Amino acid sequence: MQSLILRTATRVLVSMILVFSVYLLLRGHNATGGGFAAALVAGTGFSLYTMVEGSAAVRRGIRIDPRRLIAAGMALALASGLPGFFAGAPFMTGVWWSLPLFGGKEVALGTPLFFDMGVFAIVLGTILTLILSLE
């Protein structure tokens, strides 16, 4: 597409869309959001960028084959169920760890976040595969 206005606006919009996608991913296990919704939002950003710059620019930008992203997401989602299983609980039981930060604060990190990241990779890889094969 040869619209200067759309090309300029896309540079700003895609970065904001991807940041919002990361926000949805990180808050998903505590509130509305998660890997699926975040990947749909990120897919929207990549589809907008594909319409403006073309699929070759997106392929150069992501630097990974989307099918490998799907496989890595599946492995991460399945691996997120193993800590609960090894702790003697049923498979996919959430396990949480507290990580100390500077200043004496702690952050809770759990297997639901890793599962959401796996779902994110699967859905985004599928969307990118579809978008790049249609272009």
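What covers the buried residues of helix 2? The cover includes helix 1, helix 3 and helix 6. Here, buried means under 20% relative accessible area, with exposed over 50% and partly exposed in between (1.4 Å probe, protein chains only). Helices (H or I, at least four residues) and strands (E, at least two) are DSSP runs, numbered from the N terminus. The model is predicted: local features need pLDDT of at least 70, side-chain atom pairs count only at pLDDT 80 or more, and totals for chains, interfaces and linings use all residues. Residues are numbered from 1 along each chain as its sequence is written, and side-chain values use heavy atoms, without hydrogens and water.

Helix 2 has 19 residues. Its first and last C-alpha atoms lie 26 Å apart, close to the 27 Å expected at 1.5 Å a residue (1.5 Å times one less than the number of residues). Buried residues in helix 2 include G35, A38, V41, F46 and L48. Just after this helix, G54 takes a positive phi of about 100°.

The largest nonpolar core has 18 residues. Such a core is a set of buried Ala, Val, Leu, Ile, Met, Phe, Trp, Tyr and Cys residues joined through side-chain atoms within 4.5 Å. F46, V58, I62, F120, L124 and L128 touch the most other members. Helices 1, 2, 3 and 6 each supply at least two residues of this core. Helix 6 gives the largest share, eight residues. Beyond its neighbours within four places in sequence, I62 is in contact (heavy atoms within 4.5 Å) with F46, L128 and L132.
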